[in-house]
Amino acid sequence: MAVAVITGGASGLGAATGARLRAAGLEIASLDLHEATDVDLSLSVDVREADAVDAAVDRVERELGPIDHLLTAAGVYELSPIGGTPADVWRRMLAIHVDGTANACRSVYRRMIERRAGSIVTIGSELGLCGDAEAAHYAAAKGAIHGFTKSLAMEAVRHGIRVNCVAPGPADTPLLKPEMRAPEYIDSLVLKRIVKPDEVAATVAFLMLDEHNFVGQVLSPNAGAVV
């Protein structure tokens, strides 16, 4: 049975994707600070800590078997004007998103190379594509993930590993700010609604599981927030 590791698998997009992949017959391991339900293995991990991530990945392979797929969905979201963003808030945002993504990818990628197979999907954001006021630290982190994904994809393809990114628009998760649920914002979207978590999960599953030639792509299910 194929095995997928999901960082941030306890809630939001990570949990939605885990449910979809599990329904497709995969075994799911969640790496998250919080306990995940409806997974095969839930490990408490701070993705900012490379050694902790590596130890967790070792345990996944011992208990579930070789890792076939990786989704890096761990993240936080907050607004902070750039002129008033403390250095520790800036560093925390980039550490969770950029370091967390890189730590998981490095650990799993090394093992995938040995088997010359696997797929990795990172979670970026529409804000990494277009930016937003008072979200420079978040947009910078997500933009870095987009660049990291493309670079890793160019390296990994020679080893038979596909790497892609999903950059969602505003999705109906606990991270969504109240102003993005306001009628005036919803009305500005082409589809007149925000993105459903399962729609993002479907995009991840498409890139992760289907036999196709997508490599280094950034797909953005965003309800028309970015066209």
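**Exercise 1. Polar contacts of Asn164**

Task: In this predicted model, determine which backbone atom of Val215 lies 3.4 Å from a polar atom of the side chain of Asn164, and describe the surroundings of Asn164.

Solution. 
Step 1. The atom in question is the backbone nitrogen of Val215, 3.4 Å from a polar atom of the Asn164 side chain.
Step 2. A polar atom of that side chain also lies 2.9 Å from the backbone oxygen of Phe214.
Step 3. Asn164 belongs to strand β6, residues 161-166. With a relative accessible area of 1%, Asn164 falls under the 20% limit and is therefore buried.
Step 4. Leaving aside neighbours within four places in sequence, the residues in contact with Asn164 include Ile120, Val121, Thr122, Thr149 and Leu207, together with Phe214, Val215, Gly216 and Gln217.

**Exercise 2. Strand order in the sheet**

Task: State the order of the strands in the open sheet of seven strands, and identify which strands stand at the edges.

Solution. 
Step 1. The order is β3-β2-β1-β4-β5-β6-β7, with parallel pairing.
Step 2. The edge positions are taken by β3 and β7 (218-219); each has a single partner strand, so one side of each lacks a neighbour in the sheet.
Step 3. Within the sheet, β1 and β2 pair in the parallel sense over five bridges, and Ala4 has Ile28 in β2 as its bridge partner.
Step 4. β4 is joined to the parallel strand β5 (residues 118-123) by four bridges; here His69 is partnered by Ser119 of β5.

**Exercise 3. The buried face of helix α2**

Task: Explain why the buried residues of α2 line one face of the helix, and find what they pack against.

Solution. 
Step 1. Helix α2 (residues 50-63) has 14 residues and reaches 20 Å from first to last C-alpha, close to the 20 Å expected.
Step 2. Its buried residues are Val53, Ala56, Val57 and Val60. Seen down the axis of α2, they fall within an arc of 100°, so they line one face.
Step 3. An α-helix has 3.6 residues a turn, so residues three or four places apart point the same way.
Step 4. The face turned away from the buried side carries the exposed residues Asp51 and Arg62.
Step 5. The buried residues pack against β1 (3-7), β2 (27-32), β3 (41-44) and α3 (87-115).
Step 6. Just after α2, Gly65 takes a positive phi of about 115°.

**Exercise 4. The nonpolar cores**

Task: Identify which residues have the most contacts inside the largest nonpolar core, and which element gives the most to this core.

Solution. 
Step 1. The largest nonpolar core has 27 residues, and those with the most contacts inside it are Leu31, Val60, Ile67 and Ile120.
Step 2. Two or more residues come from each of β1, β2, β3, α2, α3, α5 (136-156) and β6. The most come from α3, with five residues.
Step 3. Not counting residues up to four places away, Val60 touches Val3, Val5, Ala29, Leu31, Leu41, Leu43, Gly65 and Ile67.
Step 4. Apart from this core lies another of 21 residues, among them Val166, Ala171, Leu207 and Ala223.

Conventions. Residues are numbered from 1 along each chain as its sequence is written. This is a predicted model: local features need pLDDT of at least 70, side-chain atom pairs count only at pLDDT 80 or more; totals for chains, interfaces and linings use all residues. Side-chain values use heavy atoms; hydrogens and water are left out. The expected span of a helix is 1.5 Å times one less than its number of residues. Buried means under 20% relative accessible area, exposed over 50%, partly exposed in between (1.4 Å probe, protein chains only). The arc is that of the directions from the helix axis to the C-beta atoms. Contact means heavy atoms within 4.5 Å. A polar contact is a pair of N or O atoms within 3.5 Å; within protein, one must be able to donate a hydrogen and the other to accept it, and residues adjacent in sequence count only if both atoms are side-chain atoms. A nonpolar core is a set of buried Ala, Val, Leu, Ile, Met, Phe, Trp, Tyr and Cys residues joined through side-chain atoms within 4.5 Å. Two strands pair if DSSP finds at least two bridges between them.
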